[in-house]
Amino acid sequence: MGQVVLEARHINKSFRDPVTVKVLKDINFKVNKGEFVSMMGKSGCGKSTLLYILSTMDTDFEGDLLIDQESTKGKNEPHLARIRNEKIGFVFQFHYLWNEFTVLRNVMLPGLKLNKYSEKEIEHNAMERLKLLGMQDLALKQANRISGGEKQRVALARAMINDPLIIMGDEPTGNLDKKNSQIVFDIFKEMSEELNQTLLIVTHDPEFAAKTHRIIEMEDGRIVS
Amino acid sequence: MNYKLISSIALSLLLARWKQTLVAAVGVMFSITMFIALLGFMNGLNDLLDGLILNRTAHVRLYSEVKINPNQPIDRVNRFTSGHNFIRSIKPTNSRQEIYNSQAILQAIRKDERVLGVAPKISAPLFFNTGTVDITGVVNGIDAEAESRLFHFADYVTEGRPEDIADIPNSIILGKALADKLMAGIGDLIYVTTPGGERFPLKVVGYFQSGIQEFDKTQSYASLGTTQKLFGRGKSYITDIQVKLNDLESAPAVAKEYQRLFQVDAEDIQTANSQFETGSFVRSLISYAVGITLLIVSGFGIYNILNMMIYEKMDSIAILKATGFSGKDVNRIFILIALSIGVSGGLAGLLFGLLASVGIDHIPFNTAALPTITTYPVNYDLVYYAIGLGFSLVTTYLAGLFPASKASHIDPVIIIRGK
């Protein structure tokens, strides 16, 4: 199934405040290129915590995390920021757009930060992503003037702007109604099939999970299947 | 480092809260305006007051003090040389106020490279006769040309021409207050009596107004030649040599050197007028203290606004970090916001400060004591503008430092999880 893009090796994590609670216990798994993986589990089983570790935002853990076969252990903060910028696209439960900017600018910002292409090219790429999601008409609207479903799609376009190695989602459909959830799922599906995009999505929705390539199930900080 | 991106983000954050930004910038502007106006006015006043005395005072004054002879006869007797001799009621004898060998000294000083110019002077008491009353006064025999060039003499001659004392024989310029007392108009003849008892007629050719009333009540100016004639002295009779140096600070050293070299008494300007320097210094200190206090207050304003902005934009900052902006980038964004408030407020403050200074400069200020002054004095020295801008940058930078570092340490996980 191609190369490994994400690998977790013996990841352990504890919350120490107020009492030490072990939330992740010896997590080991790999995600291959092009895979559409969903992660399921009850609330509090540690799946979101794991996702933040996988996304390099949380560095307070034991074990090792390899992204693109490169260890992230002991890397400094600007280096990790660069990895997030270049290799990881992130979609949250809440959309988290920058309200000060237009939709187009929102999509462009991570691209501008990466600074690999000129502003013109980034604008063109951002427009392409928005078109793909059927959002091109809203490109010049202020980000706080569009609906919730639209916002989530803009967030998706933003996650895609730098052609990341992997897109991670923390219950991206959790806040959406049935119709919008379907739209967002279809987008994921399309990305996976047509663009061979690697996806790792945390979800509560068994229906959503059932349609993905692989389900990682977690319980009490352990992967059970 | 992508500065264009950082600045565009900073700009949109600024514009998103433009009202608060404006208030912060106006705060900075106000303090810089006050700083500039205050310092300009205070230093204008300082220059004026210093000028009253310092401009007219020689940097080094050579004179011959009336004093007792340090070599008393008893010291020459062998029997008494070993101990210390106490002698009571010694009187000065044969003391001359004249500077001995004055022409040679003048020539030597003129050759000194540290010297900007030198003006000889005779200072002697004189009685001005009006009716049966004699008014005690002082006549200063001067070289009008040198005195004007070095000590701004011409500025204080309110009526008549200072050169006239040299051109018209037996002429005198009277202090305005003295002339009023004598009821002497220009062109009138007045009579003076020397301490030796000689009576002389002199022609009044001008009035002199120094700004210090007491001074004007007693002082008068005549040419060196006229004065020498009054006292029946020769061409070389001089009581003071006034030296103006290129560098004011070197006066004490030069004074000491001349004292040794020419065997005369020498006094430097720092010793003679130390109280004026103290006054100027304290006034400057007060204006700086007020200005800096204002700036610090406006710095707290910026600090508050940035803190509020960061609290409000917590989500945006978290997501910036989640999508790959490092803590350093976030830090730079907020420092940039703080500095742009400082720069815009500071520059506007400089402009308004200049306008305020010009305004003060046009307020009429007429006082009989200061004939050359018609409006309030203002100093437009660029140094104050540079200091003002520098301070506005430093305070806004410091005000931005803590909020920016706080923003850069926001943990995206905590914010995103919190929802």
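Q: What share of the 225 residues of chain A counts as buried?
A: This is a predicted model, in which local features need pLDDT of at least 70 and side-chain atom pairs count only at pLDDT 80 or more, while totals for chains, interfaces and linings use all residues. Residues are numbered from 1 along each chain as its sequence is written, and chains are lettered from A and ligands numbered from 1 in the order in which they are written. A residue is buried if 20 or more other C-beta atoms, placed from the backbone, lie within 10 Å of its own, exposed if 12 or fewer do, and partly exposed in between. For the 225 residues of chain A, the buried share is 47%.

Q: What is the radius of gyration of chain A?
A: Chain A has seven helices and 10 strands, where helices (H or I, at least four residues) and strands (E, at least two) are DSSP runs numbered from the N terminus. The globule rule (2.2 Å times the number of residues to the power 0.38, with the radius taken over C-alpha atoms) sets the reference. Chain A is as compact as a globular protein of 225 residues, because the rule gives 17 Å and the radius of gyration of chain A is close to that, at 17 Å.

Q: What percentage of the contacts in chain A with a separation of 6 or more comes from residues 24 or more positions apart?
A: Two residues are in contact if their C-beta atoms, placed from the backbone, lie within 7 Å. Among contacts in chain A with a separation of 6 or more, residues 24 or more positions apart account for 71%.

Q: How many of the six residues of strand S3 of chain A are buried?
A: A:Phe36, A:Ser38 and A:Met40 point one way from S3(A), and A:Val37, A:Met39 and A:Gly41 point the other way, all of them buried. Strand S3 (residues 36-41) is therefore largely enclosed by the rest of the structure, with a buried count of six of the six.

Q: Which residue in S9(A) stands opposite A:Met40?
A: Strands pair if DSSP finds at least two bridges between them. S3(A) runs parallel to strand S8 (residues 198-202) over four bridges, with A:Phe36 opposite A:Leu199. Five bridges also join S3(A) to strand S9 (residues 214-219), again in parallel. In S9(A), the residue opposite A:Met40 is A:Glu217.

Q: Which residue in S2(A) is the bridge partner of A:Glu7?
A: An open sheet of four strands in chain A has the order S2-S1-S4-S5, with antiparallel pairing. Strands S2 (21-32) and S5 (70-71) stand at the edges with a single partner strand each, so one side of each has no neighbour in the sheet. Eight antiparallel bridges join strand S1 (residues 4-15) to S2(A). In S2(A), the partner of A:Glu7 is A:Lys30.

Q: What arc do the buried residues of H4(B) cover around the axis?
A: In helix H4 (residues 144-151) of chain B, the buried residues are B:Ala144, B:Glu147, B:Leu150 and B:Phe151. They lie on the same side of H4(B), because the arc they cover (by the directions from the helix axis to the C-beta atoms) is only 145°.

Q: Which helix gives the most residues to the side of chain B that touches chain A?
A: The contact takes 21 residues from chain B and 21 residues from chain A. H1 (3-16), H12 (314-322), H13 (327-361) and H15 (412-418) of chain B each supply at least two residues of the side that touches chain A. The most, five residues, come from H12(B).
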